[in-house]
Amino acid sequence: MTKKGILTVISGFSGAGKGTIVRELVDRYGYAVSISATTRDPRAGEQDGVHYFFKTKEEFEQMIADGALIEYASYVDNYYGTPKDYVMQKLEQGIDVILEIEMQGALKVKERFPEVSLIFITPPDAKVLRERLEGRGTETQDVIEKRLARAAQECAYMDQYDYIVINDDLNVCVEQIHGLIQALHWKCVNQQGQIAKMKGEFANKA
Ligand code: 5GP
């Protein structure tokens with residue numbers, strides 16, 4: 001029996017560096033990352049099927065109706081959601097999967113899969129967040145203000161996460177998260193196959 005992969009959710013304030021961290025985790029350690037569906041417009045350089053599956057509102061609502069999403073949420077005027085099939089397939093194949101999603105979605109995933117671990121990435125302080133968002137230059141000032149307002153709301157729910165990791169130094173942060181996910185393999189809840197095997201073997205000998 002293949003050991004199932006572990007599902008981890010990574011969230012964080014917009015501008016916290018999640019995207020870069022997740023990319024590094026994939027490149028260095030081969031994690032599978034779910035590609036989300038969204039109704040927001042592609043940013044310069046973003047490709048359909050690579051960064052997101054870009055959908056119209058109608059297409060997205062059809063995915064909801066078809067039960068094709070593990071979770072979905074509305075974030076700063078757009079829908080975002082996680083397609084179900086890819087995630088389930090990778091977990092069955094024993095590959096660890098990361099979902100990079102916002103907080104409402106993360107809490108829905110936890111309801112549906114209580115064994116999931118929720119990791120929240122935060123910059124060292126709020127000032128750094130504004131500087132990173134403005135420095136990125138991918139959003140209008142209006143959207144930046146909305147994202148900062150959303151970050152202020154999200155603060156209230158940070159303690160619903162299992163782990164908080166500070167992204168001060170990118171490299172350190174990536175290694176900390178990798179170490180954390182690896183350690184999750186040893187949790188009892190993720191060792192059900194081994195437990196069943198040992199029980200079976202002892203039962204046969206008795
Ligand atoms: P962005 O527009 O910056 O790519 O993403 C905005 C927010 O949506 C980020 O916090 C990102 O983590 C979140 N997000 C991306 N994909 C999903 C998804 O499938 N579900 C949910 N709930 N949030 C998502």
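R136 is partly exposed, with a relative accessible area of 36%. Partly exposed lies between buried, under 20% relative accessible area, and exposed, over 50%, using a 1.4 Å probe and protein chains only. R136 forms a salt bridge with E139; their closest N and O atoms are 3.3 Å apart. A salt bridge here is a side-chain nitrogen of Lys or Arg within 4 Å of a carboxyl oxygen of Asp or Glu. E139 counts as buried, at 14% relative accessibility.

This is a predicted model: local features need pLDDT of at least 70, side-chain atom pairs count only at pLDDT 80 or more, and totals for chains, interfaces and linings use all residues. Residues are numbered from 1 along each chain as its sequence is written, and side-chain values use heavy atoms, leaving out hydrogens and water.

**Salt bridges**

The count comes to 17 salt bridges. R136 and E139 belong to a network of them, linked with R40, R43, E46 and R147.

| Pair | Closest N and O atoms | Relative accessible area |
|---|---|---|
| R28 and E24 | 3.0 Å | R28 32%, E24 24% |
| R136 and E139 | 3.3 Å | R136 36%, E139 14% |
| E154 and R150 | 3.3 Å | E154 6%, R150 12% |

R28 and E24 both sit in helix 1 (residues 18–29). They are four residues apart, about one turn of the helix. R28 is partly exposed, and E24 is partly exposed too. E154 and R150 have that four-residue spacing in helix 6. Here E154 is buried, and R150 also counts as buried. Helices (H or I, at least four residues) and strands (E, at least two) are DSSP runs, numbered from the N terminus.

**Helix 5**

Helix 5 spans residues 126–136, and its buried residues are V128, L129 and L133. These residues cover an arc of only 130° around the axis, so they fall on the same side of helix 5. The arc is that of the directions from the helix axis to the C-beta atoms. Helix 6 (141–154) is included in what covers the buried residues of helix 5. Contact means heavy atoms within 4.5 Å. On the face turned away from the buried side, helix 5 carries the exposed residues K127 and G135.

Both ends have local detail. At the start of helix 5, a side-chain oxygen of D125 comes to within 3.2 Å of the backbone nitrogen of K127. Just after helix 5, G137 has a positive phi of about 65°.

Four strands form an open sheet in the order 4-3-6-5, with mixed pairing. Strand 4 (53–54) and strand 5 (69–75) stand at the edges, each with a single partner strand, so one side of each has no neighbour in the sheet. Two strands pair if DSSP finds at least two bridges between them. Strand 3 (residues 37–38) pairs with strand 4 in the parallel sense, over two bridges. A37 has F53, in strand 4, as its bridge partner. Helix 2 (residues 57–65) packs on this sheet, touching strand 3, strand 4, strand 5 and strand 6 (78–83). The direction of helix 2 makes about 40° with that of strand 6. Axes are lines fitted to C-alpha atoms, for helices over the stretch in contact, and angles run from 0 to 180 degrees between N-to-C directions.

How values were computed:
Polar contact = N/O pair within 3.5 Å; in protein donor to acceptor, adjacent residues only side chain to side chain.
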